[in-house]
Amino acid sequence: MENLIFSLNATAPVFLMMLLGMLFRKLGWIDEAFASKMNQFVFLVPLPVLVFHDLAAADIGDVWDFSFVAFCFLATAASIAVCALLSCLLKKREQRGEFIQASYRSSAALLGIALTTNIYGDAGLVPLMIIGSVPLYNVMAVVVLSLTAPAGKTSGNAAGRERKALWKHTLKGIVTNPIILGILAGLLWSVLRLPLPPILEKTVTSLGDLAAPLGLMAMGATFRLDKAVAQAKPAIAASVIKLLGFCVLFLPLAVRLGFREEALVAILIMLGSATTVSCYVMAKNMGHEGTLTSGVVMLTTLFSAFTITGWLFCLKSLGLV
């Protein structure tokens with residue numbers, strides 16, 4: 001019971017904030033346009049500031065862990081390969097790209113930071129997990145969606161130009177990603193051992209504290225249960241892989257390699273958190289229908305409240321977190 005209470009205390013506040021977002025949308029206090037702007041603001045300001053503060057205030061020698069970053073990268077690469085193989089079982093070829101992307105891409109930054117902050121009081125090793133996984137998420141999403149783009153959307157030179165432009169845009173997006181920049185700035189600040197004056201410390205802390213509540217409410221406000229039932233079978237399959245499959249495959253390996261506490265929680269979020277909303281945007285922009293992706297986003301967002309609590313309960317019961 002103590003372990004269950006610990007797990008619920010860690011996850012329930014995170015998903016209650018999402019429920020508040022849904023309630024505020026229902027009451028008309030938040031609409032889709034406002035939620036979209038709020039989500040963009042969280043991505044541009046509070047999240048980068050939060051990871052910057054956590055890293056700047058830490059000793060870089062204690063924070064950096066090459067083996068952890070390497071594990072996140074290799075586990076992500078293996079997850080993508082598994083999804084690609086499983087997608088061959090789908091009868092409709094045009095669904096394969098959406099299936100692969102929606103099955104492996106996690107809400108690593110927002111949910112990872114929210115959960116680890118709730119348990120440990122700071123972002124822990126989530127910034128290092130982001131370095132190891134998120135750039136690979138984005139690059140492989142372009143590769144997968146390009147190779148599986150439905151025929152007839154674009155053709156010939158026009159298709160080539162569009163994909164080349166999308167590659168440039170994606171690579172530029174990785175280099176200029178605010179969260180990645182916040183991580184790099186925090187690491188540099190820590191290496192140079194620069195002080196944080198009290199005025200700057202309080203300002204940065206206040207901004208960082210906005211990340212989790214605003215981001216989670218924005219996510220809840222954009223949730224649509226009706227979209228989750230469209231293309232039910234592949235959406236359910238992708239959701240099971242996302243929330244359960246990768247954790248079954250890679251969590252025991254992570255434990256075997258000696259990862260514990262904050263590192264294991266960050267790996268759990270990378271493997272088993274909800275599919276990120278940006279999957280839908282990218283799928284639509286690359287000529288895919290987007291219905292399967294939106295269904296997976298909705299289902300994983302809904303059921304991750306239960307699965308993450310269950311995984312955390314198991315890890316706590318085994319004395320690993």
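**Note on aromatic contacts and the nonpolar core**

1. Phe68, Phe71 and Phe259 make up one aromatic cluster. The model under discussion is predicted. Beyond its neighbours within four places in sequence, Ile267 is in contact with each of these residues, and also with Leu251 and Ala254.

2. The largest nonpolar core comprises 87 residues, of which Phe68, Met129 and Ile267 touch the most other members. Helix 8 (residues 126-147) contributes the most to this core, namely 11 residues.

3. The structure contains six aromatic pairs. One of them joins Phe52 and Trp189 in an edge-to-face arrangement, with 5.4 Å from centre to centre and 90 degrees between the planes. This pair links distant parts of the chain, since Phe52 belongs to helix 3 (residues 46-56) and Trp189 to helix 10 (residues 178-191), 137 residues apart. Phe52 counts as buried because its relative accessibility is 12%, under the 20% limit. Trp189, with a relative accessible area of 23%, is partly exposed.

4. The rings of Tyr104 and Tyr137 form a tilted pair, because their planes stand at 50 degrees; their centres are 5.9 Å apart. Tyr104 is located in helix 6 (residues 96-104) and Tyr137 in helix 8, so the pair ties together parts that are 33 residues apart in sequence. Both Tyr104 and Tyr137 are buried.

5. Ser79 is situated in helix 5 (residues 66-87). Its relative accessible area is 5%, and Ser79 is therefore buried. Not counting residues up to four places away in sequence, Ser79 touches Phe246 and Phe250.

Conventions: Residues are numbered from 1 along each chain as its sequence is written. This is a predicted model: local features need pLDDT of at least 70, side-chain atom pairs count only at pLDDT 80 or more; totals for chains, interfaces and linings use all residues. Side-chain values use heavy atoms; hydrogens and water are left out. A nonpolar core is a set of buried Ala, Val, Leu, Ile, Met, Phe, Trp, Tyr and Cys residues joined through side-chain atoms within 4.5 Å. Buried means under 20% relative accessible area, exposed over 50%, partly exposed in between (1.4 Å probe, protein chains only). Helices (H or I, at least four residues) and strands (E, at least two) are DSSP runs, numbered from the N terminus. Contact means heavy atoms within 4.5 Å. Rings of Phe, Tyr and Trp (its six-membered ring) pair if their centres lie within 6.5 Å; planes under 30 degrees apart count as stacked, over 60 as edge-to-face and the rest as tilted.
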